[in-house]
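Let's take a walk through a protein structure together. Have a look at the picture first, and then we will go through its parts step by step.

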Amino acid sequence: MLQLKAILTRVEALPPLPRTVSEIEEFRRKSDKEITELLKIIEKDALIVTNLLKISNSAMFGFRSKVETPLRAISLLGINFTVSIAISTSTQKLLKSNLEPYGVTNNDFMRSSNISSVLANLWLNNFEPKLKEEIILPALLHDIGKFILADFIKSENKEEEFREKIKAGESSIEDIEREFFGVTTSYVTAQVFKHWKLSSNLINSIEFIDNVNSVHDDFKKIAQILDVIKTVAIITDPLSDKSIEKAIKKAKLYNLDTNNLQNSIKILQTRLDEVIS
């Protein structure tokens, strides 16, 4: 309990979200959304624009021509995907830490997050299109809590011990987090978003990803889908044969669509392989 209290104290000490994100969150909750209104909001933040263009030009999306303006990026990605990128960019900027205890870099984190969100988009287009817009944002943001946990483990001088356990791969990351902290990333991420007063749907979708049996029935399917996506895009080894195999087993267990999942993974792998070759 003392560890949990110390972790939550770190969450409560986080600075408030910038006004840009508050405006984006207000925009996100509107029933009628206009591209021009969103463009005006994100153009106030140069980092959001930079990341939006960088992600738009990533091989994961497979756009045929270079995306050079934020307006074109929004048009291609869609309003909700753009909102997700904007919120993700701003939240990461406030979490001034790194993920060295997990044996990964902040760029690894971004790659894993982008794989999660793109896979959500591809898979749910054919599987649960009505849920797609609800899931893209938590798919992109669910691992944010790792920055808090990484910072805490460093303050406890247990960074090397933690990293070695992660590297050994004998236990899941979630089990190692439970051993060291008593909680997992998804719980901490949810507390961060509660602190920032983001939407209750976002919080409820993320909080029980690592414990889907405890989630309210209204959010169970979302948590199960996010658990599968998170498994494919695991931060230490995204899109590996091992992570894909685990994810497909989970999808079968949850009675989710595995055919479209496998096809979506192949599309994503092909896009990335084309860049490497």
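Predicted model: local features only at pLDDT ≥ 70, side-chain atom pairs only at ≥ 80, totals over all residues.

In soluble globular proteins, nonpolar side chains tend to be buried together. Here the largest nonpolar core has 98 residues. Those with the most contacts inside this core are Tyr102, Ile135, Phe181, Phe193, Trp196 and Ile225. Helix α7, which covers residues 106-127, gives the most to the core, with 10 residues.

Let's stop at Trp196. Which residues is Trp196 in contact with, leaving aside its neighbours within four places in sequence? They are Leu14, Pro15, Pro16, Leu17, Thr91, Leu94 and Leu95.

Now for the helices. Two packed helices are described by the angle between their axes and the distance between the axes. Take helix α3 (residues 35-42) and helix α6 (residues 79-94): their axes are 11 Å apart, and the packing angle is about 15°. Angles under 35 degrees count as roughly parallel, so α3 and α6 are roughly parallel to each other. Their crossing is left-handed. On the α3 side, Ile35, Leu38 and Ile42 meet Ile79, Thr82, Val83 and Ala86 of α6. Sorted by class, this contact has 6 nonpolar residues, 1 polar and no charged ones.

The second pair is helix α13 (residues 200-207) and helix α14 (residues 217-232), whose axes come within 8 Å and cross at roughly 60°. That makes α13 oblique to α14, and the crossing is right-handed. Asn201, Asn204 and Ser205 of α13 make the contact with Phe219, Ile222, Ala223 and Leu226 of α14. By class, the residues of this contact divide into 4 nonpolar, 3 polar and no charged.

Key
Residues numbered from 1 in each chain as written. Heavy atoms only, no water. Core = buried A, V, L, I, M, F, W, Y, C linked by side-chain atoms within 4.5 Å. Buried < 20%, exposed > 50% of the residue type's maximum accessible area, 1.4 Å probe, protein only. Helix = DSSP H or I, 4+ residues; strand = E, 2+ residues; numbered from the N terminus. Contact = heavy atoms within 4.5 Å. Axes fitted to C-alpha atoms, helices over the stretch in contact; angles between N-to-C directions. Parallel < 35°, antiparallel > 145°, perpendicular 65-115°, else oblique. Left-handed = near helix turned anticlockwise from the far one by under 90°. Nonpolar A, V, L, I, M, F, W, Y, C, P; charged D, E, K, R; others polar.
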